Amino acid sequence: MQCELDIFFLEAVLNGVLLAGLLALLALGLNLIFGVVDVVWICYAELVMIGMYGINYAYKAGAPFLAAALFGILLVALAGVVLHQLVIRPVLDSAPINQLLVTGGVLFVLQAAATVVFGIDFKTLGIRLGSLNIYDMSFSYSRIITFGVASAAMLLLWLFLSRSYVGIAIRAIAQDRQIMPLMGVDHRRIYIVTSAIGGGLAGLAAVLMVLQYDIYPQIGLQFGPLIFMICVLGGLGSMIGGFIAAFLISEFIAIGGSCFATEWGYAIAFLFFMIVMFVRPQGLFGGKA
Amino acid sequence: MIRVSKSAIIGLALLIALPFVIRFFFGGSERYYLHLLIQIFIWAFIYTGWSIMGRFGLTSFGHGAFTGIGAYGCVLLWNYVGLTPWLGIPIAVVVAVVVALLVGYPCFHLRITGHYFALLTLALTEFVRLCIVGLRDYTGGSLGTQPKRYGDGLSLYAMQFETDRVVSFYIALALWLAGLAIWMWVDRSMDRYALEAASQDEEAAASVGIDVTREKLKVTAISAAMCAFGGAIYGQYQMYIGPDTIAGLGVSLNIVFAVIAGGLWVMLGPTVGAVFTQVLSEVLRVTIQSTAGLQSVFGSSVLALDTLIYGLLLVLFIIYMPKGILGTILERREKKYASSTATPVRAT
């Protein structure tokens with residue numbers, strides 16, 4: 001339990017920044033879906049888990065890593081569309097509690113299905129990228145790549161949403177669900193496109209995560225609650241807010257984890273979240289509900 | 001006054017006689033069937049506790065925290081301080097209520113509802129679970145812990161009754177009946193009308209003089225106390241508590257699912273949910289374990305197959321039967337009754 005402002009403290013801070021990239025990417029997908037479809041996918045992290053298994057098997061079947069990665073992204077994008085069509089569409093007009101619960105049910109289904117099909121043992125791709133050593137600090141390359149790719153993906157999504165026709169339609173739907181259909185935007189198609197993009201982002205996160213983490217059916221539970229927290233902290237639907245919240249939360253985890261134990265880092269992050277909610281219930285950057 | 005109907009008295013008499021019926025017909029596996037029934041009663045109590053606030057639109061994912069505080073508070077006080085559960089459980093329940101009020105007050109005061117309320121309470125659940133895991137020197141971390149056995153495991157002082165299943169059965173039955181009584185008491189109180197108004201339109205309810213925050217805090221306190229108490233009794237019965245079996249997101253989700261499956265708006269809905277979920281998971285588990293063919297295909301991971309089917313059924317329930325099993329049955333019966341005694345003038 002040493003918490004001095006030494007080089008290891010700096011290492012923890014910088015590792016927090018690197019973790020933030022991944023968490024921001026995950027929160028971005030969830031935020032996009034919430035902003036447009038107005039449903040929180042409680043099972044978002046489980047989609048990432050499915051993607052990780054997909055990449056694992058494609059890679060072990062002999063596909064080069066980039067092809068396996070592409071396969072993973074497409075797989076989860078497809079899963080997102082299927083989820084929307086089969087599960088979300090029938091409950092679009094139900095009470096919010098039912099929408100939350102139905103995706104919570106999918107969480108159970110996906111986790112159990114993964115256990116039945118893939119087994120409970122940890123799987124790893126066995127790719128070791130080594131680490132970058134500066135002074136006494138060490139940063140694994142996989143984390144650095146994750147941060148870079150996640151940042152690039154967020155920038156691309158921002159360009160897509162602000163420049164392309166479909167992107168503008170998506171933002172328009174997010175602003176007013178009633179008017180846009182009257183303006184000739186087919187909201188059902190926009191929902192499907194959004195679900196595919198949200199799934200694709202989960203797939204991309206899966207690609208980055210197989211480089212760092214072992215794959216097992218319950219991995220979603222490690223990230224799921226964290227992602228919701230980041231989205232709510234930033235203001236549900238606010239993408240910039242989610243980005244900043246990801247940085248705050250991952251610093252709590254990284255610094256708390258290096259000063260005390262890993263769980264305490266997480267526990268402090270959740271406590272911080274609850275306190276912020278009491279001060280700004282709409283989230284740091286959320287508009288008034 | 002609580003009106004007791006004839007069918008309720010008969011039902012109660014049957015339940016009281018149940019252990020003897022089981023002994024008579026299934027003497028060999030008496031312990032197993034009693035265990036199943038005890039589980040159903042304890043969880044039905046916890047689910048009923050959740051539904052007391054859930055029915056007013058307060059969808060909490062935080063009740064896994066309260067069951068956890070109840071169970072761990074009681075066991076830790078017993079193991080490390082030597083405090084009898086007769087004092088330990090009230091202390092744990094008070095702690096849970098204080099936590100509920102600390103989180104509830106700002107939530108209700110600031111009008112945090114819907115998705116935000118659900119996700120905020122989810123954070124509370126995770127926080128409590130992480131604290132339990134983090135204090136592993138006392139709580140046994142993610143492996144869980146056991147209350148220290150007192151004598152031969154059947155003691156009034158230590159509130160341990162696991163070894164005698166018949167005693168456990170009556171304790172669980174009494175617990176469940178108490179839960180139903182609390183439900184009825186809330187249902188008949190003025191608070192219920194105030195809360196129903198608030199769940200429809202908070203501003204309007206406040207404008208006619210309802211102190212919305214106060215009303216919500218009342219049901220939250222009752223609900224959290226019930227869940228903490230249920231969690232503590234569960235720990236005393238199981239003689240084992242783990243962060244995933246009695247605390248955490250999984251427990252929270254199970255509570256909410258079972259209530260929705262059974263029916264949120266009727267008194268026996270949570271009980272039906274408990275019967276349905278417990279029996280279903282038990283039947284699936286037994287069937288799958290005894291089917292050699294499945295085991296040879298999937299190996300040990302076949303054990304997750306019951307969760308898979310369970311999850312699928314829940315998803316289907318929420319999509320096609322949002323009122324729950326009992327809610328739907330009662331609604332159908334009411335419709336039938338209404339059409340058979342068709343009155344030309346319908347009061348609205």
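In this predicted model, Glu196(B) forms a salt bridge with Arg192(B). The closest N and O atoms are 3.4 Å apart. A salt bridge here is a side-chain nitrogen of Lys or Arg within 4 Å of a carboxyl oxygen of Asp or Glu. Both residues lie in helix α8 of chain B, 4 residues apart, about one turn of the helix. Helices (H or I, at least four residues) and strands (E, at least two) are DSSP runs, numbered from the N terminus. Glu196(B) counts as partly exposed because its relative accessibility is 29%. The term buried means under 20% relative accessible area, exposed means over 50%, and partly exposed lies in between (1.4 Å probe, protein chains only). Local features need pLDDT of at least 70, side-chain atom pairs count only at pLDDT 80 or more, and totals for chains, interfaces and linings use all residues of this predicted model. Residues are numbered from 1 along each chain as its sequence is written, chains are lettered from A and ligands numbered from 1 in the order in which they are written, and side-chain values use heavy atoms, with hydrogens and water left out.

Arg192(B) also meets Asp187(B) in a salt bridge (3.4 Å, N to O). Arg192(B) is buried, at 18% relative accessibility. Asp187(B) is buried as well, with a relative accessible area of 15%. A further salt bridge joins the side chains of Lys216(B) and Glu202(B) (2.7 Å, N to O). Lys216(B) lies in helix α10 (residues 212–238) of chain B and Glu202(B) in helix α9 (residues 202–207) of chain B, so the pair ties together parts that are 14 residues apart in sequence. Both Lys216(B) and Glu202(B) are buried. Salt bridges that share partners link Arg55(B), Asp187(B), Arg192(B) and Glu196(B) into one network. Over all chains, the count comes to 16 salt bridges.

Helix α8 (residues 190–200) of chain B also holds Ser199(B). Ser199(B) is partly exposed, with a relative accessible area of 36%. In sequence, Ser199(B) and Arg55(B) are 144 residues apart. In space, their C-alpha atoms are 9.0 Å apart. A contrasting pair is found in chain A. Asn133(A) and Val116(A) are 17 residues apart along the chain, yet 41 Å separates their C-alpha atoms. Asn133(A) is placed in strand β1 (residues 131–134) of chain A. With 54% relative accessibility, Asn133(A) counts as exposed.

The two chains meet at an interface. Here 42 residues of chain B are in contact (heavy atoms within 4.5 Å) with 43 residues of chain A. Chain B and chain A bury about 3900 Å² between them, 85% of it on carbon and sulfur atoms. Buried area is the accessible area (1.4 Å probe) that two parts lose on being put together, summed over both. His115(B), Tyr116(B) and Leu119(B) supply 19% of the area that chain B buries against chain A, more than any other three residues. Across this interface there is 1 salt bridge. Glu263(A) and Arg136(B) meet through their side chains in a salt bridge (3.2 Å, N to O).

Nonpolar residues were then grouped. A nonpolar core is a set of buried Ala, Val, Leu, Ile, Met, Phe, Trp, Tyr and Cys residues joined through side-chain atoms within 4.5 Å. The largest such core has 197 residues. Leu26(A) and Phe223(A) have the most contacts inside it. Not counting residues up to four places away in sequence, Leu26(A) touches Tyr44(A), Val48(A), Ala205(A), Met209(A), Phe223(A) and Ile227(A). A second, separate core of 5 residues includes Ala198(B), Ala205(B), Ile210(B) and Val212(B). Thr220(B) lies in helix α10 of chain B and is buried, at 4% relative accessibility. The partners that Thr220(B) touches, leaving out residues up to four places away in sequence, are Met53(B), Leu58(B), Ala100(B) and Phe108(B).

Helices α1 (6–25) and α2 (30–54) of chain B each give two or more residues to the patch. The largest share, 3 residues, comes from α1(B). Phe26(B) lies in the loop between α1 and α2 of chain B. Phe26(B) is partly exposed, with a relative accessible area of 41%.
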